[in-house]
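Happy to go through this one together. Shall we take the labels one by one and ask what stands behind each?

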Amino acid sequence: MKYEDLLVSTLGAGNVVSPLKSDQRTDSPVYKFVDDSERILYDVSVDNFKRCAETGDTPISFEKAGPKEYIFFEPAKTKVAIVTCGGLCPGVNNVIRSLVNQLHYRYGISRILGIKYGYEGLISKYNHPVVDLTAPMVSGIHLSGGTFLGTSRGNQDVGIMVDTLEILNINILFCIGGDGTLRGAHAICEEINKRKLKIAVAGIPKTIDNDIDLIQKSFGFETAFSIANDIIRNAHNEAYGANNGIALVKLMGRDSGFIAASAALAIQEVNFVLVPEISFDLYGSRGFLKILTKRLENRHHAVVVVAEGAGQDLFENSGVEKDASGNIKHKDIGVYLKEKIREEFMAKEFPHSIKYIDPSYIIRSAPANANDSKFCNLLAQNAVHAALAGKTDFVVGFWNDQFTLLPIPATVAKRKKIDVEGELWWNVLEATGQPISMKNP
């Protein structure tokens, strides 16, 4: 990765005085305007500082997010669209509400359209309506989970979507979603560039899996593992209340185990965390079933948390299936483990009681908690600042506790995963007491 890889595209120079500047009193500034030259370092270590000083390399950095003194779009003539795509996630409604409020109250933009049911709403054959969004209309939507605008999965014809943006005279499109949504936003932006249109495309990262690269955290993640924390606490009560009781909890995490790992650290009652980043064996002297048996013999209860994408190599290869978004459809590791545990212990006449809990859809459809709600609001506000300034093909990020802007292609080049040699995973091993490896020699 190079410094140039993280430069954000812009539609042109900002020549319009921001309403944020004209509204504030000169003796009491409300906003600290951000210059395009302000950057947030990717690597803040002293070693990296010394290396760059010695080699003369420009440190890799992100553009700092925030309000601009001069903007590209004239608010009175600007029309905006908002679309939400992919799976549900805590905080989507918070982002919608904050976008509308920021556009209306801070920039004086009144023409705001809500695109219904994801990218399908930009395809004429579906005949989904568009919604004129107003501040009063969205005033209470943050109290509910889900998405006020509806959502969908799947690729749509990019040319037709841009046709719709032209027909609707849209100047800015806000896309709220995960890596699939962001790839779609980038494709839309490429088509816009081919047509030499002045339409900004802004991405706001949505995934409870927290697996978007180069972004410290995405909204919904904290709510997800906080709710999982409560569920695991109750699961522990179930396990502890029976002789050789086992509570098996499956959490979301298709390719990354951040929810499972973070929830385990929060509750400190989990004995095994199984994640997609680390393979394990079921049988053998170091296999999971052998170690689980030892745990039950010593403590007579166990709590197991498994991410949905863990252990996929245990299944027979029956071909790869994909969902509408192009994601690989994983086999159900939760049900599989429950059956294998029961099968093993019944064959050995080992007394046990197993409870299987899958709260996935309960978690993702919940309203955002307080800290996530705050985070959603700030993501939305910074997205509006950047888009009005003419930034495009970008996503609002968060790095080193600062809000950033970065090009969409950089975020979707690969998924963020747990570093199994990093601090997070070692903290999990310390909290659970599970072995470093459950693979046989």
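Q: What should I know about the model before we start?
A: This is a predicted model, so local features need pLDDT of at least 70 and side-chain atom pairs count only at pLDDT 80 or more, while totals for chains, interfaces and linings use all residues. Residues are numbered from 1 along each chain as its sequence is written, and side-chain values use heavy atoms, with hydrogens and water left out.

Q: Why is Asn169 called exposed?
A: Good place to begin! Exposed means over 50% relative accessible area, buried means under 20%, and partly exposed lies in between (1.4 Å probe, protein chains only). Asn169 has 54% relative accessibility, so it counts as exposed. The residue sits in the loop between helix H4 (158-167) and strand E9 (172-177).

Q: And what makes Glu349 exposed?
A: Its relative accessible area is 72%, and therefore Glu349 is exposed. Glu349 is found in the loop between helix H9 (333-347) and strand E14 (353-357). Helices (H or I, at least four residues) and strands (E, at least two) are DSSP runs, numbered from the N terminus.

Q: What makes E11 and E13 a pair?
A: Two strands pair if DSSP finds at least two bridges between them. Strand E11 (residues 245-251) and E13 run parallel and are joined by seven bridges, so they pair. Lys250 stands opposite Val306 in E13.

Q: How do you know that E12 pairs with E13 as well?
A: Three bridges join strand E12 (residues 272-274) to E13, and the two run parallel. Phe272 has Val304 as its bridge partner in E13, and Leu274 has Val306.

Q: Why are E12 and E14 called edge strands?
A: The open sheet of four strands has the order E12-E13-E11-E14, with parallel pairing. E12 and E14 each have a single partner strand, so one side of each is left without a neighbour in the sheet. The twist averages 15° from one strand to the next, taken between axes that are lines fitted to C-alpha atoms, for helices over the stretch in contact, with angles from 0 to 180 degrees between N-to-C directions.

Q: What makes the unit of E12, helix H8 and E13 right-handed?
A: A crossover is right-handed if, with the strands pointing away from the viewer, the path from the first strand over the helix to the second runs clockwise. E12, H8 (residues 288-299) and E13 make a β-α-β unit of this right-handed kind.

Q: What makes the lining of the largest cavity lack charged residues?
A: Asp, Glu, Lys and Arg count as charged; Ala, Val, Leu, Ile, Met, Phe, Trp, Tyr, Cys and Pro as nonpolar; and the others, Gly among them, as polar. The lining divides into nine nonpolar, three polar and no charged residues. Its residues include Phe280, Trp425, Gln434 and Met438.

Terms used. 1 Å grid on protein atoms, 1.4 Å probe; cavity = no way out; pocket = protein on both sides within 12 Å on 5 of 7 lines; lining within 4 Å.
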